[in-house]
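Here is a short report on one protein model. Please look over the sequence and structure first.

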Amino acid sequence: MTSKRKGIEGFPYLRQRGRSYEVRLQVPRPLKAAVGKGELKKSLGGDLAAAKRAYHRTVSELQKPIDRARGAFPQLDVASHMPREPSLDDIEISSYHHYCRMVELQRGKVVSLQGETQSTRQGRIASLEETLLYHVDRAEAEDWGIMDIQARWKIEEMGWVLSEKSPRFKYLCEMLLRARLEAYRTELRKLNGHFAPDPEADPLFAANPEKDAKLVTTLGDLKKGFEAEKHEHWSLSTRKNYKIIFAVLEQICGFDTPVSAIDRDYCRDIAKRLAGLPVNYQKSPLTRGRSVAEAIEIAHSHEMKTIAPATINSHLGKLGAIVRYGRDKGWIAGNPTADLQVPDPIDPSEKRDPFTIEQLNLVFARSPWSDNGVSTKERPSRYWAPLAALFSGARLTEICGQRVDEMIIEEGIHAFHFRHRPDDRAIKNGKSRKVPVHPELLRLGFWDFVVEAQTAGREHLFPDVKPDKLGKWGDHTSKWFSRQVKSLDLKGRNLSFHSFRHSFEDALRRADLHDTPIGNALTGRWTAGVSKSYGSKYPVGKLHQALIEVGYPGLISPEPWS
């Protein structure tokens, strides 16, 4: 008696047969004679989670004899079935196949960016590192267009219908670039004598997935696993920010929701519900202590102001992180949150103005900058933090939370080492970075101030600054500066301490460094998914060469610190 086969939602080629799971691929009719079979299949055992994790790799392996047969019969239109738009799962399977093909093609042969074939092992390593760095820079800049030709070839090869203007085409380019990066890393590891599976490999292309992972069946299981793995790396602020999306998942979606129900429509519905959440609902007298669902109902009935599109998208970004975690573990098919955002009628560049040169001159013409910092000797952050922000682009909490031992001299260059300290001073995106001290800060006496702090044996650079309850540094300095802006009656959208960072971004634009890899390295604008291990950090000397190009023509310098 034949066991009835049951399909697995989100995994079109995966079937359950009795207590085990297997992948089954139908061979196109014109290729059956060449392949020797009408169907290809492989058993993946009785663990559904393990079967899902092995799914992409297995489909790619089974696809190879079909591809070989397809190559032997180029005159046949084996994609003559009705063209269709690929699913996210189709794209990820195809990207895995592209990765396998890349690994095979570059085995024992590396061509440099200049088109030269390298014959020696050291030559291949050097060329591969250069090529990898180039593609990491493209990924860091989200320049997915570098893969558009390969994406078009893949669409033609698979017989898909996909507009190049669609988000799914962008996703295909992104997945193909991820595949290429992982193939380069795989070859580079082998050239350096490392043949064991890479524990830090991109999960989509990992060769040795965990076999004992717990089977996740509900949204509650997913949230619990995500939080357990990520929580210890979060700052207090990040933990607070995740509370709202966790509350939405529990109180609106329900933790008993099966993960198989998490698809694009499900995520769109969450976005719609978030749009009804009132501003500061945990503080408002009407909604304080209420559940998320109740707060949304109260906001609707009382016509309360609801959260802005940028805030909704921030919550959706956190939802996306949870969903991607489930995808990478093999519990969710594809990424149904890809490119899911609420349209924001206000461009990000229009939400906060930078300071004009005239405004900066007004600011620095008054105390403490007009009296050499004498009036704020007990509160040095008031003199130095605004100047450091203007000439480094650093964030308030980065500057005000700086420790004395994080002020360094490297390659003969004075620099900030903004270290990520999760339990004390967290850096956004969790990445430490080094930023040279701008020559103008040195001229004003900043390093003399650093030496004073070292001589005094201080732990923190600014003794007048303490962290708040969320671990953020510089709140009192920021409020003091906001009072300065208000008293000067400066005009502009949301002018505040953070406007210095916007001014620095404008200075990068004038130097043709804005949104470049080295410009982003200075400001700490890192792109998710880019490897930490291969060439993503610049030496301090090169950063210094870029920073000295950053200036403010027409700025009247304040009086030096004394």
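## Overall picture

Residues 24 or more positions apart account for 68% of the protein's contacts with a separation of 6 or more. Contact means heavy atoms within 4.5 Å. The protein has 20 helices and 9 strands. These are DSSP runs, numbered from the N terminus: H or I of at least four residues for helices, E of at least two for strands. Of the 562 residues, 49% are buried. Buried means under 20% relative accessible area, exposed over 50%, and partly exposed in between (1.4 Å probe, protein chains only).

The model is predicted: local features need pLDDT of at least 70, side-chain atom pairs count only at pLDDT 80 or more, and totals for chains, interfaces and linings use all residues. Residues are numbered from 1 along each chain as its sequence is written, and side-chain values use heavy atoms, with hydrogens and water left out.

## Helix 6

Helix 6 covers residues 167-191, 25 residues in total. From first C-alpha to last it reaches 36 Å, close to the 36 Å expected at 1.5 Å a residue. The expected span is 1.5 Å times one less than the number of residues. Helix 6 is mostly covered, with 20 of its 25 residues buried. Gly193 follows helix 6 and has a positive phi, near 85 degrees.

## Helices 7 and 8

Helix 7 (residues 219-230) packs against helix 8 (residues 236-253) at about 165 degrees, and their axes are 11 Å apart. Axes are lines fitted to C-alpha atoms, for helices over the stretch in contact; angles run from 0 to 180 degrees between N-to-C directions. The two helices are therefore roughly antiparallel to each other. Angles under 35 degrees count as roughly parallel, over 145 as roughly antiparallel, 65 to 115 as roughly perpendicular and the rest as oblique.

Helix 7 contributes Leu219, Lys223, Phe226 and Glu227 to the contact; helix 8 contributes Tyr242, Phe246, Leu249 and Cys253. These residues divide into 6 nonpolar, no polar and 2 charged. Ala, Val, Leu, Ile, Met, Phe, Trp, Tyr, Cys and Pro count as nonpolar, Asp, Glu, Lys and Arg as charged, and the others, Gly among them, as polar.

## Two buried sites

Thr287 lies in the loop between helix 9 (264-274) and helix 10 (292-301). Its relative accessibility is 0%, so Thr287 counts as buried. Leaving out residues up to four places away in sequence, Thr287 touches Pro278, Tyr281, Ala295, Ile298 and Met304.

Ser499 sits in helix 18 (residues 499-510). Ser499 is buried, at 0% relative accessible area. Not counting residues up to four places away in sequence, Ser499 touches Arg352, Asp353, Pro354, Phe355 and Asn494.
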